[in-house]
Amino acid sequence: MTLLQRLIEQAKKPRGIVGSLMLRIMNFAHSGMNTWLMKNGAVYDGDIVLDIGCGGGKTLQTLSKINPSGKIYGIDFSEQAIKDSIKTNRKDVANGKVIVKQASVSSIPYTDKFFDTITALQTHYFWSDLANDVKEVFRVLKNGGKFIIISELYKINYHMKAYKTKPEIKKLLESVGFQTVHIQENTQKGWLCITGIK
Ligand SMILES: C[S@@+](CC[C@H](N)C(=O)[O-])C[C@H]1O[C@@H](n2cnc3c(N)ncnc32)[C@H](O)[C@@H]1O
């Protein structure tokens, strides 16, 4: 395996010391995306929020700060990501405001219509079965709830075979049942924000 392939594997499912180092780097490198997410009015105080592929836990921390009376849940299928998310959000995890579980997006361990908002930053291009995984997201989202994906365009283009164009991803979300789908592009940064309203 080449060094690039190893790094991609670590970004897809961080493991061990190298994975933990990458998660720390991602917490720092993706902080601008968190700011963009908040500027987009993603979350209201009191919301029950899920961050999928929570990685090192930076988004959970940001969501918790702007949502003082809500609850923030995080899932990630990497054991290392869960450990690191707990460390990053030590205080909020201890007081029960942030709840982190090891789980795949393909089988979200929560009941139907549980969340007001679901976020997924720099992760959907790694999901093995996007069409079904989006159905699973739809299941746990309340009616009127928001599903927000933010990813770098070049990573979408690099990793994805299907659903990489704006019309394709819009059509997918609509086919699952999302009533409205907005797609915004930050051309300066090369970021895409896809919002589906249920
Ligand atoms: C590039 S990292 C991004 C982490 C974080 N969202 C951020 O922006 O810094 C991708 C994360 O998604 C997680 N992930 C990938 N596929 C997943 C899946 N099918 N279910 C749950 N988590 C997944 C990985 O374990 C990893 O922590």
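Predicted model: local features only at pLDDT ≥ 70, side-chain atom pairs only at ≥ 80, totals over all residues.
**Exercise 1. Find which ligand atom lies 3.0 Å from a backbone N or O atom of valine 105.**

Residues are numbered from 1 along each chain as its sequence is written, and side-chain values use heavy atoms, with hydrogens and water left out.

Next, go to leucine 121, where a polar backbone atom sits 2.8 Å from a nitrogen atom of the ligand. Then try histidine 30: here a polar side-chain atom is 2.7 Å from an oxygen atom of the ligand.

Finally, zoom out. The ligand has 19 residues around it (a heavy atom within 4 Å counts as near), and the closest are His30, Gly53, Asp76, Leu121 and Thr123.

**Exercise 2. Work out how helix 2 and helix 5 pack.**

Pick out helix 2 (residues 16-29) and helix 5 (residues 79-88); helices are DSSP runs of H or I, at least four residues, numbered from the N terminus. Their axes are 10 Å apart, at an angle of about 50° (lines fitted to C-alpha atoms over the stretch in contact, with angles from 0 to 180 degrees between N-to-C directions). The pair is therefore oblique: under 35 degrees would be roughly parallel, over 145 roughly antiparallel, 65 to 115 roughly perpendicular, and the rest is oblique.

Now the residues: Gly16, Gly19, Ser20, Leu23 and Asn27 of helix 2 meet Gln80, Ala81, Asp84 and Thr88 of helix 5, with contact meaning heavy atoms within 4.5 Å. Sort them and you get 2 nonpolar, 6 polar and 1 charged.

**Exercise 3. Work out which residues join helix 7 to helix 9.**

Helix 7 (residues 130-140) and helix 9 (residues 166-176) have axes that come within 10 Å and cross at roughly 50°. That makes helix 7 oblique to helix 9.

On helix 7, look at Leu130, Ala131, Val134, Lys135 and Phe138; on helix 9, they meet Ile169, Leu172, Leu173 and Val176. By class, this contact has 8 nonpolar, no polar and 1 charged.

Technical notes
Helix = DSSP H or I, 4+ residues; strand = E, 2+ residues; numbered from the N terminus. Nonpolar A, V, L, I, M, F, W, Y, C, P; charged D, E, K, R; others polar. Polar contact = N/O pair within 3.5 Å; in protein donor to acceptor, adjacent residues only side chain to side chain.
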